[in-house]
Amino acid sequence: MKIVRSLFEGLKKARPLRPVKPVIETLEGILLGSPETTAGAPHFLDHIEIKRYMSTVIAAMIPTTVAAVVFFGWFVLAMILCSYVVGGIIEVLFALIRKKEIEEGFLVTGLIFPLVLPPTTPLWVVAVGIAFGVFFGKEVFGGTGRNIFNPALVGRIFITIAFPEIMSATWRAPFSDVITAATPLAVYRSTQGAAPYLDLLLGQVAGSTGEVFRIGIIAGALLLMVTRVSSWRITLSYLASVALFAFVGHSLGPQTFAPPLFQLLSGGLLFGAVFMATDPVTSPATKPGKFIFGTMCGIITVLIRTFSGFTEGVMFSIVFMNAFSPLIDNTIVNLKYRP
Amino acid sequence: MARKRKRVIGGYRFARFAGQPQPELVEAGAAQVVTIGLAPAGTAPVRPLVEQGEFVSAGQIIARDDETVGNPVLASVNGTVEDILKRGGSGPAVVIRSDGTDSCRPLAGYSAEWNNLSSDVLEKLMYLSGASGCVAGGIPTRFNSAAIGPEEVEHILLQIVPAEVFNPSISVLLEGRDVGQVAEGLAILAKIMPRAALHLVGGRKQKLLLSQTRQACLQIGLDRVHHHTLEAKYPNHREEVLVPAVLGKEFPHGYSAINLGVVILDLQALLQLRDAVAAGKPAIDRIVALAGSGFTKRPHLRLRIGTPLEQVLDQYLDRSRELRIVGNSLLTGDTLEHTAQTVDALMSALIAVPEEKQGPPLPFSRPGFRSDSYSRTFIANFVPFTKTVDTNIHGEHRPCIACTFCDNVCPVGILPHLLHRYVQRGVIDETLVRYRIFDCIDCNLCTYLCTSKIPLAQLMRKGKDSLKAEGLDPRGRTVHRLQLKGFGEEEA
């Protein structure tokens, strides 16, 4: 261990390596523990840290990630690698420009992004999307902690609009090479026929790589809630509002609204509600704010699914509500602390 | 009159930490040289009454000032005044070289039948024994020992909530006694503070002790005693939490419970009061718990006030490691340079924890069998292993990601994550006052569990200081609104 430590000390002091110092420091932070002690009271600190926090989110995504590779083949792994490499380069470049360490939030963004893409997305589109998302979704705002929109969703929306034919026409069912071109939501819209719930739960339907294995997503959700890493308030209020709105809608107009359980188990809803709406940076921080955020996301999702030209509304609803997060928080805080 | 547990917001339970004090009491006897501070518990220094070379006996008053609020300072050993320091390690102090005897003369006028003594005598005994100074802010007597007089006291709270990481053992404090003596202490206070209601506050595990104490109180005819159970969460033992939780009163932030007419004391202080009155024993020693993995043995020590820490610690410290010595609390206590510091009248625990200048490799991937965390991301949250303490920060400084752990645990319901952003950006104005930054009680819990290792409490202190400098301190209004006591006409 001592050898590694002195190696890093040497690398940090080396003059030619000065421009890449943030990278060295990041590596040191990952491999070695923190060299810092508390300055005074409190004399000891909680063991949680950003790396642990983000690792927990990644751990929660493992079931659905593994399932994605199993269902759709090694190409998914290539998409994930592509996302990490391209996004990582941009992240590192910005760290070098800012002369700050590389921020861990990217580890989550880089994995979420390929998981919300159709399994047939060409790698160059993955690269363009993650580059756009990291650059315009995060770095221009000043990096992790300062961004307004979920970077993975910014990238996803960009490529949805830029390459509509790739992003909406080429779906593929698990364990099959046949391009079906229809997700359960799209099928429902044209035929009013809902896919079997068991198939939806186990991911035996067409959809984005990471969104189909819903049992795995539910397991991840439980991990995130038990570890307190994500807010159950957002996830549950999101799902509850979708269920309630769909129930009311379906009772009044069964031809227009899909049934509530089908809505819950189709599309990117579970993935979005568990891994994306809960991003602490871009969602409200106040407890009532989280409920409002989740509820509004749910209402917008059902509205888009039912009345718009798009069959899925999860990503739009989350990004739309991201924009309102500061306003929601501000309102709640001002109500709580009235002058 | 068992009252229902009140709802307390926030807080965090420091459970199962390794290095708890062992339930064993060691009588350390008189030290050879003691250095007794003349500015106890952050009060203004009192004038020494002795001169260099003078012989003093244990329990003799060596400094006293009846004009300002304060308590007398007592010699803790028999011996000769060696020096009077204007500026010792921590303010002015008297240095006494012991003559080697352990004896201590009892106070004049005490009686085991204290019930027959008048309030006047009781108060005098409490004051002259120094026992009225064993609580921060002092215990009110007619001798100006606290900001208010005894007749103004409305509530007396005995708190034994084990809310700290390391808590002195109650059984050691009660060694050789029965709850009857606790009841006596309460009865003495009740006699000199006739208007006051008595409250016993403990954690769930102290329920039995509290109800036994109440029974003992009833037996000696003391019937205005309530008992309350609070969760053993940090900082539920602090007056800022106790007053709202137990009495349902708003706490005057920036002031003390005493300004509301509330006296809060711990078990050790109560027993010292009782011993002064019923046994004539001056408050010249403290039971100090040794805690933390930096000690090889962790007994409770009975130490004379003024005993140099160096002498005490030498035989218990684990010299093979670099250690940090902290007084009383790991969350709020000061780092003690044990070569210079001595035991003071408010010391209850000495904590030694390893200085860990290098954390373990690949920290984020470790299972964490012994790692404490508010987040439940470590195995230690789910298995009953003991947890360890060291001074490493266990992570890297990062910008706030609004995980809101700090908001969830804040015991006064403010939003540290929001307030720190304002201070960090230098936007320090009335908005922060409106967001109740002055409610912050400096418990440091937010800093403890910050995911991004941001010194939240420190930033909020900075914000408060800037606001005070700008004259935006709202405390002045509190005095009238809550009708606080203990201010002269001109101050109010």
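Two residues are in contact if their C-beta atoms, placed from the backbone, lie within 7 Å. The structure is a predicted model, in which local features need pLDDT of at least 70 and side-chain atom pairs count only at pLDDT 80 or more, while totals for chains, interfaces and linings use all residues. Residues are numbered from 1 along each chain as its sequence is written, and chains are lettered from A and ligands numbered from 1 in the order in which they are written.

**Exercise 1. Describe the surroundings of Ser169(B).**

Solution. 
- Step 1: Helices (H or I, at least four residues) and strands (E, at least two) are DSSP runs, numbered from the N terminus. Ser169(B) sits in the loop between strand E8 (155-160) and helix H2 (170-173) of chain B.
- Step 2: When residues up to four places away in sequence are not counted, Ser169(B) touches Pro21(B), Pro23(B), Ala289(B) and His300(B).
- Step 3: For Ala289(B), the C-alpha to C-alpha distance to Ser169(B) is 7.8 Å, across 120 residues of sequence.
- Step 4: A residue is buried if 20 or more other C-beta atoms, placed from the backbone, lie within 10 Å of its own, exposed if 12 or fewer, and partly exposed in between. Ser169(B) has 19 C-beta neighbours inside 10 Å and therefore counts as partly exposed.

**Exercise 2. Determine which strands pair with strand E13 of chain B, and in which sense.**

Solution. 
- Step 1: Two strands pair if DSSP finds at least two bridges between them.
- Step 2: Strand E1 (residues 25-27) of chain B pairs with E13(B) in the parallel sense over three bridges. Here Arg302(B) in E13(B) is the bridge partner of Glu27(B).
- Step 3: Strand E12 (residues 285-291) of chain B pairs with E13(B) in the antiparallel sense over five bridges. In this pairing Arg286(B) has Leu303(B) of E13(B) as its bridge partner.
- Step 4: Four of the five residues of E13(B) (residues 300-304) are buried, so this strand is largely enclosed by the rest of the structure.

**Exercise 3. Characterise the side of chain A that touches chain B.**

Solution. 
- Step 1: The contact involves 41 residues of chain A and 57 residues of chain B.
- Step 2: Helix H2 (21-31) and helix H3 (50-72) of chain A are the elements that give two or more residues to this side of chain A. H3(A) gives the most, with six residues.
- Step 3: Ala, Val, Leu, Ile, Met, Phe, Trp, Tyr, Cys and Pro count as nonpolar, Asp, Glu, Lys and Arg as charged, and the others, Gly among them, as polar. By these classes, the side of chain A that touches chain B has 19 nonpolar, 13 polar and nine charged residues.

**Exercise 4. Explain why the buried residues of H2(A) line one face of the helix.**

Solution. 
- Step 1: Thr26(A), Glu28(A) and Gly29(A) are buried in H2(A).
- Step 2: Seen down the axis of H2(A), its buried residues fall within an arc of 160°, so they line one face of the helix. The arc is that of the directions from the helix axis to the C-beta atoms.
- Step 3: The buried residues of H2(A) pack against helix H1 (2-13) of chain A.

**Exercise 5. Locate the backbone features at Pro42(A), Pro235(B), Leu362(B) and Lys453(B).**

Solution. 
- Step 1: Most residues other than glycine have a negative phi, and most peptide bonds are trans.
- Step 2: The peptide bond from Ala41(A) to Pro42(A) is cis, with omega near -10°, and Pro42(A) lies in the loop between H2 and H3 of chain A.
- Step 3: Tyr234(B) and Pro235(B) are joined by a cis peptide bond with omega about -5°. Pro235(B) is placed in the loop between E10 and helix H5 (239-247) of chain B.
- Step 4: Leu362(B), although not a glycine, has a positive phi of about 45°. Leu362(B) is exposed, with 12 other C-beta atoms within 10 Å.
- Step 5: Lys453(B), although not a glycine, has a positive phi of about 55°. Lys453(B) counts as buried, with 21 C-beta neighbours inside 10 Å.
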